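I opened the notebook to record what I looked up in this structure.

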Amino acid sequence: MKDKILEIEDVTVSFDGFKALNNLNFSLDVGELRVIIGPNGAGKTTFLDVITGKTKPTQGRVLFKGRNLKSLPEHQISRLGIGRKFQTPRIYLNLTPRENLEISSNRQKNVFATLFKHSSSAERKTITGLLETIGLSSNADIRADKLSHGEKQRLEIGMLVAQSPDLLLVDEPVAGLTDEETENVGNLLLALAESHSILVIEHDMEFVRQIARQVTVLHQGSVLKEGTIDEVQNDPRVIEVYLGQPLEDTASEVQHSSEKLETLNIGNSKL
Ligand code: ADP
Ligand code: MG
């Protein structure tokens, strides 16, 4: 059996009685790249929140490398090696990509100390390598506000990696990106997956197809289905969840259904 980096056991999160997560069971192998999908309100963000400690389970437990996170505050969980990328990039726009990465790899020091001290040659090498990995070598020394949206996303993923987490949590990394940038981010995550465990939440099914080996479908706070992308897209319950939600009237039904098909990207062939 492979080592688990993350285990979620019977986790329920209740908000005033409403179960955003409902007896959720999930595990991730060391070194695995997993994509989580699910309709709006399925519990995806709450799922990440219980891993980072932002939200504590009402019941059940979350284990990271076998350690129960129950009594740990968010910043300590982060220090154990869990890094989270939020949907909108959180980078220093008035600094260069290189400086942004330097700051991230020196979290314990403040911004000024990082900028004005001379970094060691080992540190410079790591940053140079990381700039290459995220495809920003040629733009390493321009102000970050000049970067495209996709380049900013890649920079933020790089900043996450600079903190050397073992587990990367990435929330909708390609929302609003062009097709080309989406593919770039996909390739970056695939490259990072060689040395990290990664959990990605994503709606864009073409992107999911590009990067996913195993997909987990969340629905009403529980795991509805796990499998390859083909297994998931052909599962009647998954199709039902995406297409069978109550719709207001028949006129909007046609439109809604085709929109949802589009989201699942199974419109052309699978149905
Ligand atoms: P997703 O990210 O899959 O869209 P969320 O995890 O954000 O879903 O939310 C799951 C459900 O829990 C939703 O119905 C949402 O309204 C509810 N929920 C999330 N956070 C809270 C909260 N702090 N208080 C009350 N309800 C919440
Ligand atoms: Mg969400």
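Before reading any sheet I noted the rule for pairing: two strands pair if DSSP finds at least two bridges between them. Strands are DSSP runs of E with at least two residues, helices are runs of H or I with at least four residues, and both are numbered from the N terminus.

I also noted the ground rules: this is a predicted model, in which local features need pLDDT of at least 70 and side-chain atom pairs count only at pLDDT 80 or more, while totals for chains, interfaces and linings use all residues. Residues are numbered from 1 along each chain as its sequence is written, chains are lettered from A and ligands numbered from 1 in the order in which they are written, and side-chain values use heavy atoms, with hydrogens and water left out.

**Entry 1: the four-stranded sheet**

I looked up the strand order and found an open sheet of four strands, β2-β1-β4-β5, with antiparallel pairing. β2 and β5 (67-68) are at the edges with a single partner strand each, so one side of each has no neighbour in the sheet.

I then followed β1 (residues 4-15). It runs antiparallel to β2, and eight bridges join the two. Val13 stands opposite Leu21 in β2, and Leu6 stands opposite Leu28 in β2. Between the strands of the β1 and β2 hairpin there are two residues, and Asp16 takes a positive phi near 50 degrees.

Which strand pairs with β1 over five bridges? I found that it is β4 (residues 59-64), in the antiparallel sense. There, Leu6 has Phe64 as its bridge partner.

**Entry 2: the six-stranded sheet**

I found an open sheet of six strands in the order β6-β7-β8-β3-β9-β10, and its pairing is mixed. Its edge strands, β6 (82-85) and β10 (222-227), each pair on one side only. From one strand to the next, the twist averages 20 degrees.

Inside this sheet I checked β3 (residues 33-37), which pairs with β9 (residues 214-219) in the parallel sense over four bridges. Arg34 is opposite Gln214 in β9. β9 and β10 pair in the antiparallel sense over five bridges, with Val217 opposite Lys225 in β10. The hairpin of β9 and β10 has two residues between the strands, and Gln220 takes a positive phi near 50 degrees.

I also noted helix α10 (residues 236-243), which lies across β3, β9 and β10 and runs at about 130 degrees to β10. Contact here means heavy atoms within 4.5 Å. Axes are lines fitted to C-alpha atoms, for helices over the stretch in contact, and angles run from 0 to 180 degrees between N-to-C directions.

**Entry 3: ligand 1**

Which residues surround ligand 1? I listed Phe15, Phe18, Ala20, Pro39, Asn40, Gly41, Ala42, Gly43, Lys44, Thr45 and Thr46, where near means a heavy atom within 4 Å. β2 (18-29) and α1 (44-52) each supply at least two residues of this shell, and α1 gives the largest share, three residues.

For polar contacts (pairs of N or O atoms within 3.5 Å), I noted an oxygen atom of ligand 1 at 2.9 Å from a polar backbone atom of Gly43. A backbone N or O atom of Lys44 lies 2.8 Å from an oxygen atom of the ligand.

Conventions:
A polar contact is a pair of N or O atoms within 3.5 Å; within protein, one must be able to donate a hydrogen and the other to accept it, and residues adjacent in sequence count only if both atoms are side-chain atoms.
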